[in-house]
Amino acid sequence: MSGTPARTADAATAAEVVCLGESMVTFLPSQPGRLADVPSFGRGIGGAESNVACALAAAGHRTAWVSRVGADGFGDHLVEAIAGYGVDTSGVRRDPSRPTGIYFRTATDRATDVHEVAYYRAGSAASAMSPRNIPYVTLPTTRVLHLSGITAALSADCLALLHELTEPRPGRPLISFDVNHRPGLWRCADASPEVLLDLARRSDLVFVGEDEAAEAWGVTGAEAIRAALPEPATLVVKRGAEGATVFSGTGDVSEAGEVTTVPALRVDVVAPVGAGDAFAAGFLSATLRDLPVRDRVRHGHLMAAAVLTVPGDLTAPPARAHADGLAALDDEAWGRLRLGPGWTGDDQEVRTT
């Protein structure tokens, strides 16, 4: 599909960010341990793209989530829960013949060897997303379209949809792409590096972890990742405890571009899940407000810290004035911050060391 999309929604009500991808009902363990040993689970929601939509909506932005869910109780729960954050869910379609995906996970960090996750998403309603049932021209008017590599792994139709959405065209919104390399989701693991690299190169703003780049592409270090991804106007390389490095401008060797590195915060972690999505939401929020690159990264770190200091994948972010004040600190004061549970409350004192 080509040409200028039909976008006639009123600018005052149009979504600032549209997030497209699968969300699932998540079963969270009542205690640490192997899945075989956990006696009970609490119900939550999980999905990289819907997490970003919810976090941005909680931060005061107009967001929409586009997806497909089953015509079942789990689909009802997802739509109601995500709408409860203030997200527009009118672009979510119900599939009467396919179920809503669910998954179970342990409480440990995804990066550790003891982390377990059991997905029940094969043949899910979202895996049937395609250019036929989600045409580009039907997406809500938006400034940013946020996607992730998870969607590409769900099915050939989902991959075709991402190719359609990232196609260069007049009037295309800014394409934000989180690589989100999940080897276990790919039916053909050998295909994932090439597919993810291609989608990232077609995007305007790319988020990728150093660990992901090393695993997927055998590329180590921020400069080497930029060399592998010269096309995106903004490349955000997440470096774990070291912070994040942002490359602005194209990666063409004939252009100087801008490189900004911002140290991570020290955080008393409660649960190490959801931080990547929260970081993307914080960075996008500051981007929508046209803040300097340094402050975009700092807002990403702050939003991630809010999630890291609670048990689940989602939480209320700090009030905008609170976050702006912290993001504006000088480098020395920023380096002394230490954030723990409850730090986002207006009446909470932020610790320094």
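A nonpolar core is taken here as a set of buried Ala, Val, Leu, Ile, Met, Phe, Trp, Tyr and Cys residues joined through side-chain atoms within 4.5 Å. In the present structure, which is a predicted model, the largest such core holds 53 residues, and the members that touch the most others are F207, L265, F279, F283 and L302. Helix α9 (residues 293-308) supplies the largest share of this core, with 9 residues. A further core lies apart from it and comprises 45 residues, including V18, I150, V179 and L185. In soluble globular proteins, nonpolar side chains tend to be buried together.

The surroundings of F207 illustrate how the largest core is connected. When neighbours within four places in sequence are left aside, F207 is in contact with F279, A280, F283 and L284, among others. The contacts of F207 also include S176, F177, D178 and V179, together with V236 and K238. Two of these partners, F279 and F283, are themselves listed with F207 among the residues that touch the most other core members.

The C-alpha trace spans about 55 × 55 × 45 Å along its principal axes. The radius of gyration is 19 Å, which agrees with the value near 20 Å that a compact globule of 353 residues would have. Buried residues account for 54% of the 353 residues. Of the contacts with a separation of 6 or more, 70% are between residues 24 or more positions apart. The accessible surface amounts to about 14900 Å², and carbon and sulfur atoms contribute 52% of this area.

Local pairing was examined for strands β4 (residues 63-70) and β5 (residues 92-95), which run parallel and are joined by 4 bridges. Within this pairing, V69 has R94 of β5 as its bridge partner. Together with helix α2 (residues 73-84), the strands β4 and β5 form a right-handed β-α-β unit.

A further site concerns H322, a residue of helix α10 (residues 320-327). The relative accessible area of H322 is 19%, and H322 is therefore classed as buried, the cut-off being under 20%. Beyond residues up to four places away in sequence, H322 touches W343, T344, G345 and V350.

Notes:
Residues are numbered from 1 along each chain as its sequence is written. This is a predicted model: local features need pLDDT of at least 70, side-chain atom pairs count only at pLDDT 80 or more; totals for chains, interfaces and linings use all residues. Side-chain values use heavy atoms; hydrogens and water are left out. Two strands pair if DSSP finds at least two bridges between them. Helices (H or I, at least four residues) and strands (E, at least two) are DSSP runs, numbered from the N terminus. A crossover is right-handed if, with the strands pointing away from the viewer, the path from the first strand over the helix to the second runs clockwise. Buried means under 20% relative accessible area, exposed over 50%, partly exposed in between (1.4 Å probe, protein chains only). Contact means heavy atoms within 4.5 Å. The radius of gyration is taken over C-alpha atoms; the globule rule is 2.2 Å times the number of residues to the power 0.38. Accessible areas come from the Shrake-Rupley method with a 1.4 Å probe; for residues, only the protein chains shown count as cover.
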